[in-house]
Amino acid sequence: MKYNPTLHKLSNGVAVILDPMDVETASVAVSFKTGSWDEKPNEYGITHFCEHMLCKGTKRFPTVTAIKDYMEENAGVSNAFTSLTELRLHGRIIGENLDKLIDVLSDQLQNSLFPPECIELERLVILDELRRSQDNRPGPAFVWQTLFNQSVSNRTLGPADNIKSFSREQMLDWLGQRLSAKNCTIAISGKISDPSSVLDLLEQKFNFLPTHDVSHLAEPTYHPVNAHDSSRKTRNVNLFIAIPKRFKMDDSMFFERTCERRFKLYLEKELYEEVRQKHGLVYDISVAAVGHNNGVHCIETQCSAENIAQVTALIAQTCNRVYNSGDPSDEWLRRYSNGCRLGDAEWLDAPRKRLDTLIEHYARNNKLYDLSNTIKVADSITSKDVQKCSRGFFDGPISIVTAGPDYKANLAQIWKQNFPGSNITQFSDITSSITNAGRGR
């Protein structure tokens with residue numbers, strides 16, 4: 001599958017990425033670089049509420065059913081989502097009807113009705129969505145909320161009081177402030193028969209976007225804390241060990257970040273072997289990223305309350321061993337690079353994955369994603385590179401956050417005993433509640 005995306009600009013400044021593929025469908029995304037991180041406490045959840053309402057009817061398609069029927073009639077689907085950094089409308093359609101999808105997405109942004117009765121119904125839906133998110137097993141959103149912002153239960157959805165208070169005028173005013181040609185990127189991956197015609201259509205359909213500057217709030221700051229949330233009624237204890245990121249997410253530290261990713265993947269493999277395969281104490285264990293430049297690497301697993309002390313000790317011992325004497329060998333790196341070839345092939349074959357990467361990379365670097373250079377850099381990495389770039393990984397301050405049944409073990413002390421020299425924070429007693437730990441800061 002070929003990869004040859006091109007970057008264009010509409011007359012009002014909207015960035016357009018065209019990514020032709022030899023497939024029968026086209027995936028389209030209209031992305032605005034704004035999200036929950038741009039909201040103040042009394043605004044938490046408003047971008048997400050606006051996203052819902054942008055999908056609830058326009059002058060041409062006055063109901064959700066009317067939009068859905070039109071898309072189905074033209075062999076397409078459309079949807080939207082909100083994240084910490086992005087508001088996106090997107091869809092997929094057979095290539096010959098690409099213009100129909102572009103038309104619908106433009107219409108939703110320009111002519112959504114925001115009818116008061118629909119707002120009240122959607123308010124109930126979002127409150128239910130909030131309750132479901134709180135009932136789910138704690139995950140990255142829970143870690144983010146605990147380490148970066150303890151004032152709301154879910155930053156993107158917003159607290160219940162905010163959801164209940166947003167008015168139609170507030171939402172329309174918010175969109176007027178946040179949606180601009182200057183923070184908009186349109187990406188199309190898939191069947192693009194006539195790029196010139198597509199650009200002409202985009203120029204026509206999106207020239208309504210204003211060209212004002214859109215400011216952004218600073219990223220939340222990591223606040224290390226050791227705490228336990230017993231209000232989460234899960235049978236297992238959910239364990240999160242958070243380690244601050246050191247490398248920026250843009251291209252300026254791409255090599256270092258790629259080397260560090262190799263270290264994390266090797267560490268994850270060794271943790272799985274030790275804690276699951278040798279001792280059978282957990283079903284799974286992962287090392288993932290939470291947040292962006294100011295985010296954390298998070299070792300995540302869950303186990304019974306009676307095993308939490310042993311699991312924490314094994315994790316600390318394995319981290320200590322890998323960090324100090326067990327960096328991946330060149331042979332392991334070679335096998336991993338060979339395995340990446342399958343991932344690269346799958347990525348090349350998937351319009352939606354390509355579109356996601358193109359938008360995310362452009363948002364961070366203001367340029368197109370260079371696949372060939374990415375592969376070249378990744379394949380060049382040696383074990384010495386990984387060792388060099390992983391030094392300082394555990395310099396912390398490291399946080400331990402748990403949720404679920406109570407237990408008596410002091411996990412911070414267990415970590416220190418099994419990984420001497422690492423920087424584990426001591427802000428609060430590990431058995432105190434999340435709320436009390438926050439007050440202790």
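1. A residue is called buried here if its relative accessible area is under 20%. The model is a predicted one. In helix α5, the residues that count as buried are Phe142, Val143, Trp144, Gln145, Thr146, Leu147 and Phe148. Helix α5 spans residues 140-148 and is mostly covered, with seven of its nine residues buried.

2. One to look at is Trp332 with Tyr336: the ring centres lie 5.6 Å apart and the planes meet at 10°, so the pair is stacked. The cut-off for stacked is planes under 30 degrees apart.

3. Both Trp332 and Tyr336 belong to helix α11, residues 330-348, and they are four residues apart, about one turn of the helix. An α-helix has 3.6 residues a turn, so residues three or four places apart point the same way.

4. The two partners fall into separate accessibility classes. Trp332 has 10% relative accessibility and therefore counts as buried. Tyr336, with a relative accessible area of 21%, is partly exposed.

5. One aromatic cluster is formed by Phe263, Tyr323, Phe393, Phe394, Trp415 and Phe419. Tyr323 also has a charge over its ring: the charged end of Arg391 sits there, 4.2 Å from the ring centre.

6. A further charge-over-ring contact involves Arg276 and Tyr283. The charged end of Arg276 sits over the Tyr283 ring, 5.1 Å from its centre.

Terms used
Residues numbered from 1 in each chain as written. Predicted model: local features only at pLDDT ≥ 70, side-chain atom pairs only at ≥ 80, totals over all residues. Heavy atoms only, no water. Buried < 20%, exposed > 50% of the residue type's maximum accessible area, 1.4 Å probe, protein only. Helix = DSSP H or I, 4+ residues; strand = E, 2+ residues; numbered from the N terminus. Phe/Tyr/Trp six-rings, centres within 6.5 Å; stacked < 30°, edge-to-face > 60°. Lys NZ or Arg CZ within 6 Å of the ring centre and 35° of its normal.
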